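Please keep the viewer open as you read.

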Amino acid sequence: MDKQKSDRLINLEAIKKLGWDPFGQRFASAQPIKSVLTAYDPAQEGKPATVAGRIMIIRQHGKTAFLDIKDWTGKVQVYIKKDKISEPLFQLYEQLDMGDIIGVTGGVFKTKTGEITIFAEQITILSKALQPLPEKWHGLKDVELRYRKRYLDLLTNEPVMDTFLKRVQIIGGIRSFLNNRGFIEVETPMMQPIPGGATARPFITHHNALDMDLYLRVAPELYLKRLLVGGMEKVYEINRNFRNEGISTHHNPEFTMLELYQAYGDYQVMMDLTEALITTLVPMQSGSDLKIKYNEVDLNLNSPWPRKTYQELFRQYVGLDWSDQNAVSKKAESLQLDFKNKPYETLANDVFEKLVEPNLTGPIFVIDYPAAICPLTKSKKDNPAVAERFELFIAQMEIANAFTELNDPVDQRRRLEQQLKNRAEGAVSLDEDFITALEHGMPPAGGLGIGIDRLVMILTNSASIRDVILFPTLREKSPVPPAPDGHRGSAETKGG
RNA sequence: GCGCCCUUAGCUCAGUCCGGUAGAGCAGCUGACUCUUAAUCAGCGGGCCGCAGGUUCGAUUCCUGCAGGGCGCACCA
């Protein structure tokens, strides 16, 4: 055991000897530290207050000491003076370490250097810390440690706590925005017998009692549409999707998605809704100004956001007409894209992703995708080759994806079967019950998906998705390295 | 999956180029100090230098493999 921990265990025993429970009891009388600071009034110097929090630092001065106590609203200084506190309490103080959680009651005053401070009269130990805090000045810097021990990251790096509190606000803001518009929040299966709604590779798990494989959902889409069939006209779900794909600064295997469906709407309605939603959320984070900075790049989120067609952007950034199959295929070849018996539209979309998307600083709605790459989308009335779909790009990231939902069960079956043929990967089999549901009649509807993590990235100016997910997926780290030839560790194992 | 980079004390980092068995600050311990602000002052402990091999009289340092992480690419949202 390391020295720091054993020293703290000694202090813990000393605290027990003094008659205290080192892990404390209910302490419901504490007020938020921030409110203590704002309530301070020089006319009422010495007015008592009670706080609870973690000791972040101790400055000892012989028979006095200053402690900084932190709760999640702020930090306040506590002043301990031997002749102003009972002897047992001073003995307790002497066994306290940085990182311990304590409760303090005392009069609030201003020191001669002007800092609002609680003059301790009562101290209670609420939890003894057996591990030291990270370095007080630099905090926890090691990126891996920050992700693995997020609790320390939150504790010592203020901007981190700030980001995650903002995330909570953003998601809360989305809920109230939608609830105010008459949407209801629902929960649909995360474990699905047939993964559908997107083409990503799924995670597989197994149910023992039913003896059946289940897939962690890649999207809730097909279930939410069943609810449209069932008569729920405005539904949404905010929850995790799981995709068994690579990990990057923009991809975590489990990520949070908002999906919503509005009966009798279409993708135009969804576009207006998306723009209204996000422009409502931005001021919550950055004041009323909708001009924000992301990764040193200026983004102007003031309405209206440009809407450009897929083909228009294709022509602009690829320099070719999308329908010119020969030229586009040649382009794909020169980009060394993977052809592996892909349909033309998919290949052309690879070109789009490679050459167009890096230019989409946004915000910009890319609208009217080729129908062939949109199996769940209704085509334009006057042009079956073009789907009523848009994707919203901000900072080169796809933030939202939405369409006029395909509600023709015959067409839907045909398209899903076609997709199964084209891409074995991901697609397991056809969800027959989904088709049956459509056969019962689904109202025309607009559907929308927003990647919450990415949206939070933009609104909190975070460069990596791991900075907006509390516990991002990391490889498991074996706690003890193996000692193969008994070089160390288990010294002499006998026999053989 | 591929490429580049990183891994030294509980934490933040030097040192490695040019091989000789490791340093600082914070944290810890002891002492001084009754309004401090990264408190200060004096002293003391603390290291499988990510792991495993190789080269060498000798490896934290050079080489190889592995592990974990970061970034980029690929896949995807």
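How much space lies in the second largest pocket? The answer is about 400 Å³. Here a pocket is an open set of points on a 1 Å grid over the protein atoms alone, where a 1.4 Å probe fits, with protein on both sides within 12 Å along at least five of seven lines. Its volume is the space filled by probe spheres set on the points, with grid points joined across faces, edges and corners.

Before going further, a word on conventions. This is a predicted model in which local features need pLDDT of at least 70 and side-chain atom pairs count only at pLDDT 80 or more, while totals for chains, interfaces and linings use all residues. Residues are numbered from 1 along each chain as its sequence is written, chains are lettered from A and ligands numbered from 1 in the order in which they are written, and side-chain values use heavy atoms, leaving out hydrogens and water.

Back to the second largest pocket: 20 residues line it, and Met 56, Lys 75, Glu 135, Lys 136 and Trp 137 are the closest to its centre. Lining residues have an atom within 4 Å of a point. Elements that give two or more residues to this lining are H1, S1, S2, helix H5 (150-156) and helix H6 (158-180). Helices (H or I, at least four residues) and strands (E, at least two) are DSSP runs, numbered from the N terminus. By class, the lining has nine nonpolar, four polar and seven charged residues. Ala, Val, Leu, Ile, Met, Phe, Trp, Tyr, Cys and Pro count as nonpolar, Asp, Glu, Lys and Arg as charged, and the others, Gly among them, as polar.

Now to the RNA. RNA strand B is surrounded by 55 residues, the closest being Asp 7, Lys 112, Thr 113, His 251 and Arg 475; a residue is near the strand if one of its heavy atoms lies within 4 Å of it. This surface has 13 nonpolar, 16 polar and 26 charged residues. Sugar or phosphate accounts for 54% of the RNA strand B atoms within 4 Å of the protein, and bases for the rest.

| Residue | Protein atom | Atom of RNA strand B | Distance |
|---|---|---|---|
| Glu 245 | polar side-chain atom | sugar or linking oxygen | 3.1 Å |
| Asn 252 | polar backbone atom | base nitrogen | 2.5 Å |
| Arg 475 | polar backbone atom | phosphate oxygen | 2.6 Å |

Among the elements that give two or more residues to the surface near RNA strand B are helix H1 (3-17) and strand S1 (47-61). H4 gives the most, with five residues.

Finally, confidence. The complex receives an ipTM of 0.91 and a pTM of 0.91.

Notes: Polar contact = N/O pair within 3.5 Å; in protein donor to acceptor, adjacent residues only side chain to side chain.
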